[in-house]
Amino acid sequence: MKKIAVVGTGYVGLVTGVALSDVGHQVTCIDIDQKKVERMQKGVSPIYEPGLDEVMMRNIEAGRLQFTTDHHEGFSGKEVIYIAVGTPEREDGTADLQYIDQVAKDIATHVKQDVVVVTKSTVPVGTNDHILSLIQEYLVHDVRVEIVSNPEFLREGSAVYDAFNGDRIVVGSDSQRAGDVIEEINKPFGIYCYRTDVRSAEMIKYASNAFLATKISFINEIANICEKVGANIEDVATGMGMDGRIGHQFLRAGIGYGGSCFPKDTKALTQIAANIDHNFELLNAVIRVNNHQHRALTEKAKSVLGSLEGKRVAMLGLAFKPNTDDMRESPAMAISQELILAGATVVAYDPIAMDNAKNVMPAGVSYVQNVEEALQGADAAFIVTDWKEFKALDLSVYVDQMAEANVFDGRNCYDLDKVALTKLNYYSIGRPPVVRGLVGVKG
Ligand SMILES: NC(=O)C1=CN([C@@H]2O[C@H](COP(=O)(O)OP(=O)(O)OC[C@H]3O[C@@H](n4cnc5c(N)ncnc54)[C@H](O)[C@@H]3O)[C@@H](O)[C@H]2O)C=CC1
Ligand SMILES: O=C(O)[C@H]1O[C@H](OP(=O)(O)OP(=O)(O)OC[C@H]2O[C@@H](n3ccc(=O)[nH]c3=O)[C@H](O)[C@@H]2O)[C@H](O)[C@@H](O)[C@@H]1O
């Protein structure tokens, strides 16, 4: 059992703290946001994440998990400190390291014992060296500080599952001893620990996110071609994925990736490359394809309905993916902005993300409490997030509630044969349209 502090309680910090306490470590999570800390002290998670509240409460009650805003108290007696603060995107696409720098200074000021500092945040190559020298520059007490890069691979919406079932744990360290400490801490998870040097670990994180984003943009481009040549992207992706070298994952065509990491990390990696005069052409194309893909539904709606002026559009789903209330870089924002500019009225519903959405969605969007209300009198429905609730809908609800049952599905939620049994006009991604029960008819 180790005494551990985790700094920052976003998805990564909170899930890391909760998971480490659940396998028996003594964990103190530190955050500067007082309100957040007060909620967490009561066992309430500040984010919507399936299963998190339960594991959190179990460890608070067992006395293994604590929360504080006080760095001095939080670092006291800890052998290991995890850094999990945000590294948001600056205007030029580079990673903003101001929160990282602040934590480094906080550590330097408060630690009175030897400590291993572990970076969980996604940071550009070379940042861990920078953190270590910053700590050493500001260090108040005569203690040994070592650094380990331990990037995080969890997905929002399945973060708790991922923490206990990840494919690998990457431990990047230039000190054998410090790397051993972190490998030992992670032993109870029973996940393979891949040891490497600090800079390679930092690069593994960016390269992994960039590769996954590339898979998505690739399949979206294939989907766009499928639409023009009369092929079906679902069958194409299934057939491709059967090749073990390709695999089935991340071949779901849609309206492009969003979220707090793929958009920011792909841009940051192109900037990391640009800093050494390398033009990362492939990744730049991935980003361009993704930005264009956000427009797929609106373009289809314009081609089917003509002008969108005065049309009422029901937007089903706002979060960037299901099972999260995270609205960061959600395609819903760009899509609704486009619809409003085209003169449409947008009525939105999301089962979980509505409160967060109201703070970031464009002005002019109105919000309702359920699917039926959203669809009432609508000329078009846009499915933006593939929530289970939408996938499970009885398709007659569209026909019954809408003025005209034109459904533009950005997540391929429904089986074309089932749609063909209804009166929907259905346009999805990379698949033939279904109009008046006929598959492949253009409307
Ligand atoms: N969100 C995700 O699913 C994943 C995120 N990452 C990476 O992990 C890092 C953290 O991301 P999120 O968890 O989304 O974070 P976030 O940005 O949602 O939260 C960061 C937290 O750190 C706190 N904070 C800032 N400065 C602090 C300080 N000096 N002391 C204590 N607390 C401080 C903030 O109040 C906030 O609660 C980023 O680098 C991100 O790229 C990596 C894998 C998954
Ligand atoms: O660095 C991070 O923050 C994390 O980023 C992603 O996790 P996350 O953003 O939570 O969610 P994903 O499930 O990867 O989905 C990202 C976006 O891609 C889209 N997506 C995903 C898969 C797919 O086949 N098609 C597709 O369009 C999703 O709808 C979503 O908008 C990675 O999957 C995690 O491994 C990583 O830790």
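Residues 314-416 have end C-alpha atoms 21 Å apart, and the span is 33% helix and 17% strand. Here helices (H or I, at least four residues) and strands (E, at least two) are DSSP runs, numbered from the N terminus. In an unreviewed entry, UniProt lists this span as "domain: UDP-glucose/GDP-mannose dehydrogenase C-terminal"; UniProt positions are given in the numbering used here, feature names are shortened, and annotations may be inferred rather than shown by experiment. The structure is a predicted model, in which local features need pLDDT of at least 70 and side-chain atom pairs count only at pLDDT 80 or more, while totals for chains, interfaces and linings use all residues. Residues are numbered from 1 along each chain as its sequence is written, and chains are lettered from A and ligands numbered from 1 in the order in which they are written.

Ligand 1 is surrounded by 27 residues, the closest being G8, G10, G86, S121 and T122; a residue is near a molecule if its C-beta atom, placed from the backbone, lies within 6 Å of it. Helix 1 (11-22) and helix 5 (98-110) each supply at least two residues of this shell, and the largest share, 4 residues, comes from helix 5. By class, the shell around ligand 1 comprises 11 nonpolar, 10 polar and 6 charged residues. In this division Ala, Val, Leu, Ile, Met, Phe, Trp, Tyr, Cys and Pro count as nonpolar, Asp, Glu, Lys and Arg as charged, and the others, Gly among them, as polar.

The shell around ligand 2 holds 21 residues, with E156, R252, Y257, G259 and C261 the closest. Helix 9 contributes the most to the shell around ligand 2, namely 3 residues. Its classes are 10 nonpolar, 6 polar and 5 charged residues. Ligand 2 lies between domain 1 (3-196) and domain 2 (197-442), because both give residues to its shell; the domain bounds come from an automatic or database domain assignment.

The unreviewed UniProt entry also places the feature "binding site" at a set of residues including E156, K205, L251 and R252. The annotated positions are spread over 169 residues of sequence and also in space, up to 23.9 Å between C-alpha atoms. K205 lies in helix 9 (residues 198-229) and counts as buried because it has 26 C-beta neighbours inside 10 Å. The cut-offs are 20 or more other C-beta atoms within 10 Å of a residue's own for buried, 12 or fewer for exposed, and partly exposed in between, with C-beta atoms placed from the backbone. Leaving aside neighbours within four places in sequence, K205 is in contact (C-beta atoms, placed from the backbone, within 7 Å) with T122 and P151.

Note on methods:
Two residues are in contact if their C-beta atoms, placed from the backbone, lie within 7 Å.
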